[in-house]
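Dear colleague,

I am handing over the structure we spoke about, and below it you will find an account of what turned up when I went through it. Please read the text with the model open beside you.

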Amino acid sequence: MFIRIQKKTLWLWLLITFACSSAFVLVTQNLWRELSDKQAQAQKIEISSWAPLVEKSQPAVVVITTEALVQQPAMEFPGLPGPFRFFPPEKQRGQGSGFIINEDGYIITNQHVIDGAQKIRVTVGMKPREYDAEVIGSDEALDIALIKIKLSKKEEKIKWPYLPLGDSDTLRLGDPVMALGSPLGLVQSVNTGIISQKHRGGIRPSGRDLYAELIQMQMPINPGNSGGPVIDPYGRVVGVSESILASGQAIAFCVPINIIKAVVPQLLKHGKIEKAFLGVEPTDLTPQYAKALGLSENVTGAVVVQVLPDTPAEKAGMKAMDVILEIDDLKVADSFNLRQHTAYKGVGQSVIIKLFRKGSGYKKITIKLEKRKEESQHISHARQNKTESVSIESVGLEVMDTSVELRKEMDLSSKNPGVLVVAVLRRSAAEFASLLPGDVITEVNGETLSSAAQLKKIVDNAKKDSTLMMLTRRGNAKRFVPLER
């Protein structure tokens with residue numbers, strides 16, 4: 001009897017142990033996966049020394065020092081009349097980096113490095129001698145400058161070391177890069193890092209508005225690195241270092257070299273860059289916009305908010321709410337990317353634009369770009385009193401007709417007077433769409449608005465869970481707002 005009970009207990013214990021161990025194996029297999037030594041070896045990345053590349057690249061990297069005389073306020077001496085007051089000019093010095101791009105001694109650097117300089121000197125590589133340099137051309141909006149080493153007649157036969165230029169479009173997130181320059185006066189320093197993001201539009205690393213989309217790097221960059229080369233593992237320059245306001249944060253930016261290659265011929269020929277102009281006011285194509293217009297939510301592009309009169313876009317028949325998807329087979333990421341693609345194509349150049357128009361589908365049009373004109377300034381509109389307003393409860397919006405004074409102030413036509421937003425309910429669809437009191441709604445799904453009652457009818461008749469694409473005015477800015485019904 002005792003033996004029989006012992007056997008039963010033993011079998012029960014073995015059964016419980018097996019079940020627990022099986023469950024444990026099952027759970028661990030579901031939680032994570034491991035690589036075998038063979039699999040890990042197959043995807044191992046060999047990281048070698050940057051030293052050979054530094055030795056090859058450093059001779060073409062330059063240190064740029066500048067001098068400028070800045071007039072100071074008058075230094076007054078008690079008892080002396082005005083003509084005897086002393087106005088001492090102050091000599092200001094600056095330092096940056098650059099790199100030689102051909103054997104003739106042409107150098108690329110940042111515009112802010114040489115801005116206002118009356119004297120420019122460069123030191124090439126690790127050699128102690130300084131050479132004078134002259135500015136060939138520069139552009140503030142791109143923060144790029146082309147300068148050249150000046151030589152005497154006896155030295156004109158010098159063939160300078162140079163760095164070859166690469167292709168910044170082929171860079172991938174995680175690719176290793178190296179920056180050479182003179183941060184904080186520490187000449188010919190080496191930094192390495194990786195590409196952490198591309199297409200950073202609207203970034204102001206040096207405190208100024210730039211027209212280019214920048215490449216973001218995980219790398220410490222400091223004042224003095226400005227204008228230096230960012231180099232890939234093959235020794236090709238893929239970007240030009242851009243100074244940053246907050247140094248030592250291990251986040252850095254550079255201007256893509258492909259943009260530089262596109263504009264250097266203009267700097268050489270004209271000394272400046274003439275930016276091409278398409279003639280539209282764009283906004284980003286968000287997933288909400290894409291859904292409202294009948295596109296996939298994964299599509300990227302720019303939505304045309306307004307086609308400006310007497311521009312290439314108007315002449316080519318482009319319309320508001322067109323979605324620009326590609327320019328010369330280059331995909332458009334967003335509105336900033338669109339401006340960059342067109343601005344540096346060249347004045348007088350023709351481009352093929354692929355767009356999507358709701359109701360018509362995809363189409364391609366050819367547009368000849370023109371010189372950028374001065375942007376028109378608009379007067380911001382005033383708020384109105386909440387009288388004779390119309391409430392649209394379903395979306396939490398209160399609107400009213402625009403007054404004659406407001407139409408005149410905002411330059412609204414009598415055919416398209418729009419509707420003024422006077423109140424937005426908290427936690428409503430209107431608030432989620434970022435509508436604010438004072439906004440003027442001029443169109444809904446391409447239909448011109450003439451009254452608040454018309455807008456209420458359109459919203460109330462729209463299907464539930466549908467998206468209404470509203471064209472709005474806020475001060476000087478126009479934008480599309482997707483309002484979820």
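Where does Met321 lie, and between which helix and which strand is that loop? Met321 belongs to the loop that runs between helix 7 (312-315) and strand 16 (323-327). Please bear in mind throughout that this is a predicted model.

Backbone angles

Met321 has a phi near 80°, a positive value in a residue other than glycine, and with a relative accessibility of 11% Met321 counts as buried. As background, most residues other than glycine have a negative phi. A positive phi, of about 55°, is also found at Leu184, which is not a glycine either. Leu184 sits in the loop between strand 7 (176-181) and strand 8 (189-200), and Leu184 is exposed, because its relative accessible area of 59% is over the 50% cut-off.

The chain as a whole

The chain has 485 residues, of which 44% count as buried, and its secondary structure comes to 11 helices and 27 strands.

Six strands close into a barrel, in the order 7-8-9-12-11-10, with antiparallel pairing, and from one strand to the next the twist averages 45°. Strand 7 pairs with strand 10 (residues 229-231) in the antiparallel sense over two bridges, and Ala179 has Val230 in strand 10 as its bridge partner.

A buried threonine

Thr66, in strand 1 (residues 61-70), is buried, with a relative accessible area of 9%. What does Thr66 contact, leaving aside its neighbours within four places in sequence? The residues in contact with Thr66 are Gln92, Arg93, Gly94, Val113, Ile114, Ala117, Lys119 and Ile120.

Aromatic rings

The count of aromatic pairs comes to three. One of them joins Tyr131 and Trp160 edge-to-face, at 5.1 Å centre to centre and with 90° between the planes. This pair links distant parts of the chain, since Tyr131 is in strand 5 (residues 130-139) while Trp160 is in the loop between strand 6 (144-149) and strand 7, 29 residues apart. Tyr131 is buried, with a relative accessible area of 13%, and Trp160, at 7% relative accessibility, counts as buried as well.

Tyr289 and Phe480 form an edge-to-face pair too, with 6.5 Å from centre to centre and 80° between the planes. Because Tyr289 lies in helix 6 (residues 287-293) and Phe480 in strand 27 (residues 477-484), the pair ties together parts that are 191 residues apart in sequence. Both Tyr289 and Phe480 are buried.

A charged side chain is also placed against a ring, in that Lys148 lies over the face of Tyr106, at 5.4 Å from the ring centre.

Definitions and conventions
Residues numbered from 1 in each chain as written. Predicted model: local features only at pLDDT ≥ 70, side-chain atom pairs only at ≥ 80, totals over all residues. Heavy atoms only, no water. Helix = DSSP H or I, 4+ residues; strand = E, 2+ residues; numbered from the N terminus. Buried < 20%, exposed > 50% of the residue type's maximum accessible area, 1.4 Å probe, protein only. Pairing = 2+ DSSP bridges. Axes fitted to C-alpha atoms, helices over the stretch in contact; angles between N-to-C directions. Contact = heavy atoms within 4.5 Å. Phe/Tyr/Trp six-rings, centres within 6.5 Å; stacked < 30°, edge-to-face > 60°. Lys NZ or Arg CZ within 6 Å of the ring centre and 35° of its normal.
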